[in-house]
Amino acid sequence: MKTLRRFLRLIAPYWFTRHNRTAWALLAADTACTLILILIGVWIVRWDKRFYDALHDMNGSILPALVVEYLGYLGLVVAWANAGEWLRKRLIIHWREQMSEQFQRDWLHDHKHYRLQLSGEPDNPDQRIAEDIYLLADKSIGLFRSFINNIAKFSAFVAVLWTLSGVQTFNIGGRDITIHGYLVWVALIYSVISTLIAHLVGRKLKNLNIDRQHREADYRAALLRVRDHAEQIAFYNGGEAETGRLKQRYLRIRDNWRRLTNCEFRQETFWATYVRISIFIPILATLPMYLAKTMTFGDMMQTRTSFARVQDSFGWFTDSYRRLIEWAAVVERLSGFQTALEQAEQKSSSLQSHQAALPHHSGKVVLQNLTVHTQTGSPLLTDIHLQAHSPEWVLLEGRSGIGKSTLLRALAGLWPYYQGSFALDGSLLFLPQRPYLPADTLRQTVSYPYTACQDDHLIQTVLEQVGLSSPTGRLHTLMNDLDTSYEWHGILSGGEQQRLSLARALLHKPQILFLDEATNQLDDESALMLMQTLKQHLPDTLVIGISHQSKIQALFDSSLNLNEKLFKC
């Protein structure tokens, strides 16, 4: 029941909204295809009796018509089965699209993708969004179709099987016992016993499947890390070290796979035995009536088919046990991710309550009695006060490791471990030490994180201002190609990446600009020229910056000495 409740919480935003009529229409159409296939199955069962009776009576004159009739049924089955499969795939991609957008939006909203890393992020959120959502949609719809199919089969065939069973009297211990519809009871008892055994045999599968997804994701993440840091690993000649690390990840997969395989072997051995026994039970149960000539050969074949359908319905849990376990594992992973996002949202609301409101004054920063903590709750910087207005340039001074970047993270809403209050009034832009350059066009990359600028001349101007579009430079061709996607992190050096990051500030002209060692990959002369360019072209911007380059420090109008704010025991 806990898994079912978690599943309903996961799907509620998709299924239980007023506007999602498309999903219900697709589900209804797919269910209709399933029910029509069951109806055709009933027609085929009735055909079985006539066909096998004709064979038994050597009545060849009606066989051609029966064959044509059967081919018609096959055509209907193929048509409706394919229609149902097409509808199922449309529903899966529709569900996946909306649910992926929801999780992506929640994950990226209000910096939760970053803050989750500080407080115990669920492993591999990329896999949960990219793979688990698809698996949830695919397995849920498959199980629903299977369940509806079995309910419909039971409704369609139980009456037939009950009638064919007749009334049987058994003498047990000298006492006559009369049973109505005894084949239905045989199917039920057999299914209950099989279900109990299946659960005992396969009860470990759920945890093993959850663990498998964890380990597969860890291995894939390690491979991606090697790809993302290929140059650094090559410089270190770290191929052998990475091979060993990847081997350790893979050995964890192999260990889980062996345990999972052994458990599945026991479960599949039982299932194969269960299926084969199911084939013979109706034959053995009806053989005495056939030999007593109270049942025709056609009745016997019809009984076998009807028994199989009813027994499938009773044994749905047994037949679907492995799929249910895999589905439950996916629900557990996505539910854990959903819970983590909700908790991060609550923390975000708490953080916002510490941010004071300011009257409208473009380009203003106010810090009041602000204390920044470490993740463990220990004070790092205490009693910070600051009032700054544009167009001031304020330097955050302090030795390395004192917490200057952490203070900027708190002001950006990334670092939840602080007390006191602060207020920022005006459009903001934070430029970190390591710029983020998406694998995209230059137009999109220099405009990030806003809508792509369509003014080619303006883009070329800011690129020239930061020294990236020189006619004699090695990047001249690339910098003039605004609409071709490139892996910029692999093309640009560290200093060039910082130049491109500073071009964003010139393009967007924020009212408040935060610089965290934004030129530390450049030589002092180049860094100085860039900062002077910023001062010249952003005359109305409040700049809060961190820098250890003395020539850059000299450009700032005032400073906040954080060495004096360091917490002392």
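The structure holds two cavities of 30 Å³ or more. A cavity here is a set of points on a 1 Å grid over the protein atoms alone, where a 1.4 Å probe fits but cannot get out, and lining residues have an atom within 4 Å of a point. Volume is the space filled by probe spheres set on the points, with grid points joined across faces, edges and corners.

Before going on, a caution: this is a predicted model, in which local features need pLDDT of at least 70 and side-chain atom pairs count only at pLDDT 80 or more, while totals for chains, interfaces and linings use all residues. Residues are numbered from 1 along each chain as its sequence is written, and side-chain values use heavy atoms, with hydrogens and water left out.

Around it sit Val365, Leu367, Leu386, Leu396, Leu407, Leu411, Phe514, Ile544 and Leu560. Strand 3 (364-373) and helix 13 (404-411) are the elements that give two or more residues to this lining. Helices (H or I, at least four residues) and strands (E, at least two) are DSSP runs, numbered from the N terminus.

Now the second largest pocket, at about 650 Å³. A pocket is an open set of points with protein on both sides within 12 Å along at least five of seven lines. Of its 20 lining residues, the closest to the centre are Leu4, Phe7, Ser140, Phe144 and Trp327. Helix 1 gives the most to the lining, seven residues. The lining has 17 nonpolar residues, two polar and one charged.

Last, the overall shape. The chain has 20 helices and twelve strands. Its radius of gyration is 35 Å, well over the 25 Å that the globule rule gives for 569 residues, so the chain is more spread out than a compact globule. That radius is taken over C-alpha atoms, and the rule is 2.2 Å times the number of residues to the power 0.38.

Technical notes. Nonpolar A, V, L, I, M, F, W, Y, C, P; charged D, E, K, R; others polar.
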